[in-house]
Amino acid sequence: MREEHNQEAQESGQLPKKSRREMSRRQFLSYTLGGTGAFMVGVPLIFNLRFAVDPLLQKKQGTDYVKVAKVEEISEVPQAFKFTVHQVDGWYESEPTMEAWISSDQEGNIFALSPVCKHLGCTVNWNGSGDYPEQYFCPCHGAHYTKDGEALAIAPAPLDQYEVKVENGWVYLGAIHANERV
Amino acid sequence: MLKSVYNWIDERLDITPMWRDVADHEVPEHVNPAHHFSAFVYCFGGLTFFITVIQILSGMFLTMYFVPDIINAYKSVDYLQHKVAFGVIVRGMHHWGASLVIVMMFLHTLRVFFTGSYKAPREMNWIVGMLIFFVMLGLGFTGYLLPWDNKAYYATKVGIQIAASVPYAGEYIAIFLQGGDIVGAQTLTRFFALHVFFLPGALLALLGAHFFMIRKQGISGPL
C-alpha cells in the first residue's frame with residue numbers, strides 16, 4: 001500500500017523535479033517503515049511456514065520386511081494373508097493390519113498383490129464373483145483383474161505389488177509398488 | 001505489474017480513499033519518540049497488538065499438530081516441539097509471547113492511567129480496554145491447560161477452585177468450566193474451544209472497537 005501511495009504522489013507531480021535522483025522524504029520513510037514492517041512480519045512467518053511444511057521435507061521412512069507366510073503354504077491359487085506392520089504416524093505408533101494375495105506363477109516365482117482396487121480403493125477378492133471365475137473382483141463397481149493383477153475392466157491400472165523376499169522357507173513382504181508383472 | 005493490478009482494482013472499486021483514510025492520520029508531537037524520547041511509553045499499545053498478531057499466527061500453526069485430547073495432547077506437543085523443524089521456535093513464540101502480551105498490556109494500561117487518557121470523552125475505550133484485559137487473562141488461563149502436563153493440570157485445578165469460591169454461583173461456574181465433576185477430558189476440549197474460537201473471536205471484536213474509538217477520538221492531548 002505504501003508503495004502505491006508513493007508512486008501516485010510522484011505521478012501527480014507533488015514532488016519538485018530534481019536533476020539528481022534524490023530520494024524524497026516520503027519515499028525514504030515508506031522504504032524504511034515498509035522494510036521494518038516486512039522484516040517484523042516475515043521473520044516470524046518464515047519459522048511458522050517451515051514448521052507447517054515439515055511433513056513435506058521429512059525423510060520417508062523405509063518399510064521393513066515382515067514375515068508373512070511359509071513357502072509351503074503358497075500355491076498357484078492366490079490366497080489372502082493378513083499381517084501387521086509397524087507404523088509411525090507423528091506422535092501415534094500403531095500396528096495396522098495389512099492384507100496380501102500371495103500366489104506363485106507357473107515358473108514357481110512367488111508374488112504378492114495388494115487387495116486395494118485401483119479404481120476407487122475398495123478391497124478385491126479372488127473369485128469374488130461367479131461371473132468372473134479365476135479373477136480378482138471388486139464388489140464396489142465390478143472392476144476385475146487377472147491373477148497377475150492386470151485390469152480387465154473399470155480400473156485404470158493393474159493391482160499394486162508387494163516387494164517379496166524368500167528366506168529360510170518364509171515369505172517376507174516389504175513396500176508396495178506399481179505392478180511389474182503386466 | 002503490481003501497480004497495474006492495483007490500478008485495475010482501484011478503477012473498479014475505488015479502494016484508494018479507503019486505505020488513505022486508515023493510513024493518513026495525525027501523530028501529535030508529544031506521542032512521537034523522535035521528538036521526545038520519553039514518548040516511547042505511547043508505543044506499548046501498538047506493541048501489545050504486534051505480539052497479539054504473533055500469538056494468533058503462531059497459534060494457528062500450532063493447531064496443525066496439536067490434539068486437544070487427554071491421550072494425545074502431551075504427545076502431540078512433545079512431537080511438535082522436538083520432532084518438527086522450528087517447533088521449539090514456533091511453540092516458544094506462543095509460550096513467551098503469552099507472557100509478553102500481558103506485560104505489554106499492563107504497561108499500556110499504566111501509560112493510559114498516568115496520562116489520564118481514560119478521562120472523558122474516552123471512558124468507553126477504557127472499559128473496552130478492561131474487557132480486552134480480561135479476555136487476554138482468559139486466553140492465558142485456557143491456553144495454560146492445553147499441553148496437559150502436571151503444571152497445566154494443577155494450575156487449572158487451582159484456577160477452577162478459585163472460581164468455585166465465588167458465593168452461590170461458584171459451584172456452577174466450576175462445573176461449567178470443567179465440563180463435569182473433575183478436571184479431565186471434557187475440561188481439555190472445552191478449554192481448547194474457548195482458547196481458539198470463543199475468546200479470540202471476542203478479542204478481535206473488542207480490538208476492532210478499541211481501534212475504531214481511538215481513531216474516531218484521536219490520541220489524547222499532552223500532559
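Select B:Pro147, which sits in the loop between α6 (123-145) and α7 (150-164) of chain B. Helices here are DSSP runs of H or I with at least four residues, strands are runs of E with at least two, and both are numbered from the N terminus. The model is predicted: local features need pLDDT of at least 70, side-chain atom pairs count only at pLDDT 80 or more, and totals for chains, interfaces and linings use all residues. Residues are numbered from 1 along each chain as its sequence is written, chains are lettered from A and ligands numbered from 1 in the order in which they are written, and side-chain values use heavy atoms, with hydrogens and water left out.

Is B:Pro147 buried or exposed? B:Pro147 has a relative accessible area of 14%, so it counts as buried. Buried means under 20% relative accessible area, exposed means over 50%, and partly exposed lies in between (1.4 Å probe, protein chains only).

Now show what B:Pro147 touches: B:Ala73, B:Tyr74, B:Val77 and B:Arg91, not counting residues up to four places away in sequence. Contact means heavy atoms within 4.5 Å.

Next, select helix α4 (residues 73-82) and helix α5 (residues 87-114) of chain B. Their axes are 6 Å apart and the packing angle is about 115°. Axes are lines fitted to C-alpha atoms, for helices over the stretch in contact, and angles run from 0 to 180 degrees between N-to-C directions. B:Val77, B:Leu80 and B:Gln81 of α4(B) meet B:Gly87, B:Val88 and B:Arg91 of α5(B).

Move to B:Thr156, in helix α7 of chain B. B:Thr156 is buried, because its relative accessibility is 1%. Leaving aside neighbours within four places in sequence, B:Thr156 is in contact with B:Phe141, B:Leu145, B:Val183, B:Thr187 and B:Phe191.

Then colour chain A, which has 3 helices and 12 strands. Of its 182 residues, 32% count as buried.

Last, show both chains together. Which numbers of residues meet between chain A and chain B? In chain A, 21 residues are in contact with 29 residues of chain B. The size of an interface is often given as the accessible area lost when the parts come together. Between chain A and chain B the buried area is about 2,400 Å², and carbon and sulfur atoms give 71% of it. This area is what two parts lose in accessible area (1.4 Å probe) on being put together, summed over both.
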